[in-house]
Amino acid sequence: MGVDNVEKYMVNVATDLFLTLGFKSVTMDDIAVKMGVSKKTIYNFFENKEQLVNVAVFNLYDAITSGIESIRKQSENPIEELFEVKMFLMQQLKGEKTSPQYQLQKYYPNIHKELIHKQFGFITQTVVKSLNKGVEMGLFRRNIDIDFIARIYYNGINAIKNVELFPQESYPPDKLMASYLEYHLRAIVTEKGRQYLTPILKTAYA
């Protein structure tokens with residue numbers, strides 16, 4: 001295995017462990033054991049755990065944003081798109097069982113700050129495109145303030161990741177996300193949009 005492939009594999013293993021067990025819980029020893037290598041081998045590539053977390057986080061960010069863009073381009077309408085993105089995120093983030101973004105904010109605030117900055121630009125731009133498409137298709141009301149709604153959507157998405165506000169024992173991530181999407185969409189859909197939304201919600205809550 002070439003050096004680049006070793007590093008890529010290392011990042012993938014670390015990312016999987018971080019999402020499964022949490023950023024705080026996973027040690028460099030855990031990653032070494034999972035890979036079947038010595039801890040020294042990991043330090044040949046990464047100076048410390050924080051550097052590895054940084055690479056893992058933004059590697060995952062790139063994979064997620066690329067996936068979301070692909071979904072956006074292929075979806076028939078922006079209502080279906082949101083729920084397809086939800087399913088994709090649940091898969092990529094292991095159902096968010098370890099509240100990865102919340103842990104990142106708590107234990108690696110500098111990495112979290114940079115991630116939030118990048119997320120804001122990507123999410124708001126993507127939502128603006130979807131909102132415009134929904135208006136053109138007659139699914140969203142024509143009088144909505146698109147920039148305002150994009151910003152509110154972004155803030156809401158971040159708010160529901162706060163496990164102190166929404167403890168997972170009471171608000172499972174998958175159902176919480178579905179509830180938020182319903183809340184968001186019911187505020188902006190037309191009657192035509194509601195007819196698309198209703199059957200999707202039945203599946204989302206099943």
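Predicted model: local features only at pLDDT ≥ 70, side-chain atom pairs only at ≥ 80, totals over all residues.
Residues are numbered from 1 along each chain as its sequence is written, and side-chain values use heavy atoms, with hydrogens and water left out.

The secondary structure comprises 10 helices and 0 strands, where helices (H or I, at least four residues) and strands (E, at least two) are DSSP runs numbered from the N terminus. The C-alpha trace spans about 60 × 35 × 30 Å along its principal axes. Of the 206 residues, 47% are buried, a term that denotes under 20% relative accessible area with a 1.4 Å probe, protein chains only. Among contacts (heavy atoms within 4.5 Å) with a separation of 6 or more, 70% involve residues 24 or more positions apart.

Beyond its neighbours within four places in sequence, F140 is in contact with residues including P78, I79, L131, L185 and V189.

Helix α9 has 14 residues and reaches 20 Å from its first C-alpha to its last, close to the 20 Å expected at 1.5 Å a residue, the expected span being 1.5 Å times one less than the number of residues. Its buried residues include M177, A178, L181 and L185, and what covers the buried residues of α9 includes α5, α8 and α10. Within α5 (residues 78-92) lies K86, which is buried, with a relative accessible area of 5%; leaving aside neighbours within four places in sequence, K86 is in contact with D174, M177, A178 and L181.

Helices α6 (residues 100-107) and α7 pack at an angle of about 130°, with their axes 6 Å apart, the axes being lines fitted to C-alpha atoms over the stretch in contact and the angles running from 0 to 180 degrees between N-to-C directions. The two helices, α6 and α7, are therefore oblique to each other, since angles under 35 degrees count as roughly parallel, over 145 as roughly antiparallel, 65 to 115 as roughly perpendicular and the rest as oblique. In this contact, Q101, L104, Q105, K106 and Y107 of α6 meet P109, I111, H112, L115, I116 and Q119 of α7.

Conventions
Buried < 20%, exposed > 50% of the residue type's maximum accessible area, 1.4 Å probe, protein only.
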